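Here is a short briefing to read alongside the model. Please have the sequence and the coordinates open as you go.

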Amino acid sequence: MDKLPGAHLPGMAPEIRRRVEHSGMPEPGIFALEPESGGNLTLVVAVSIIAAIVILVLVGLLVWKFQSGRRQNHGSSPPAGIDMGTNGSTAVQITA
């Protein structure tokens with residue numbers, strides 16, 4: 001590979017040119033190699049989607065846990081055979 005002399009920024013790849021000879025071309029040509037871009041885009045999108053799914057699952061679990069705790073304390077009826085008095089005391093009913 002032939003690297004062109006010249007100044008380039010640190011972290012930036014220097015421009016690479018190649019001489020190409022091919023039977024389908026009328027004369028040889030010199031072409032610059034263009035670096036691929038967007039390689040990290042797929043990784044960023046995948047990690048973002050996974051993070052969003054994890055957050056949604058955690059929020060869903062917290063909402064479910066909160067609502068099931070409220071139902072147990074306030075919205076459910078007492079088990080069969082237990083009579084809740086007006087002052088909150090319980091009396092067991094014995095049936096024969």
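What follows covers the overall layout, then a serine, a salt bridge and a valine.

This is a predicted model, in which local features need pLDDT of at least 70, side-chain atom pairs count only at pLDDT 80 or more, and totals for chains, interfaces and linings use all residues. Residues are numbered from 1 along each chain as its sequence is written, and side-chain values use heavy atoms, with hydrogens and water left out.

**Overall layout**

- Reading from the N terminus, the order of elements is β-β-β-α-β-β.
- Of the 96 residues in the protein, 3% are buried; here buried means under 20% relative accessible area, exposed means over 50%, and partly exposed lies in between (1.4 Å probe, protein chains only).
- About 9100 Å² of the protein is accessible surface, and carbon and sulfur atoms hold 63% of that area; the areas come from the Shrake-Rupley method with a 1.4 Å probe, and for residues only the protein chains shown count as cover.
- Among contacts in the protein with a separation of 6 or more, 0% join residues 24 or more positions apart, where contact means heavy atoms within 4.5 Å.

**Ser68 in the helix**

- Ser68 sits in helix α1, which spans residues 39-75.
- Ser68 counts as buried because its relative accessible area is 18%.
- A polar atom of the Ser68 side chain lies 3.1 Å from the backbone oxygen of Lys65.

**The salt bridge**

- How many salt bridges does a search of the whole structure find? The search finds one, a salt bridge being a side-chain nitrogen of Lys or Arg within 4 Å of a carboxyl oxygen of Asp or Glu.
- Arg19 and Glu21 form a salt bridge, with 2.8 Å between the closest N and O atoms.
- Arg19 has a relative accessible area of 55%, so Arg19 is classed as exposed.
- Glu21 is exposed too, because its relative accessibility is 56%.

- Val20 belongs to strand β2, residues 16-20.
- Is Val20 buried, partly exposed or exposed? Val20 counts as partly exposed, because its relative accessibility is 31%.
- Setting aside neighbours within four places in sequence, Val20 is in contact with Met25, Pro28, Gly29 and Phe31.
- From C-alpha to C-alpha, Val20 and Phe31 are 7.3 Å apart in space, and 11 residues separate them in sequence.

Note on methods
Helix = DSSP H or I, 4+ residues; strand = E, 2+ residues; numbered from the N terminus. Polar contact = N/O pair within 3.5 Å; in protein donor to acceptor, adjacent residues only side chain to side chain.
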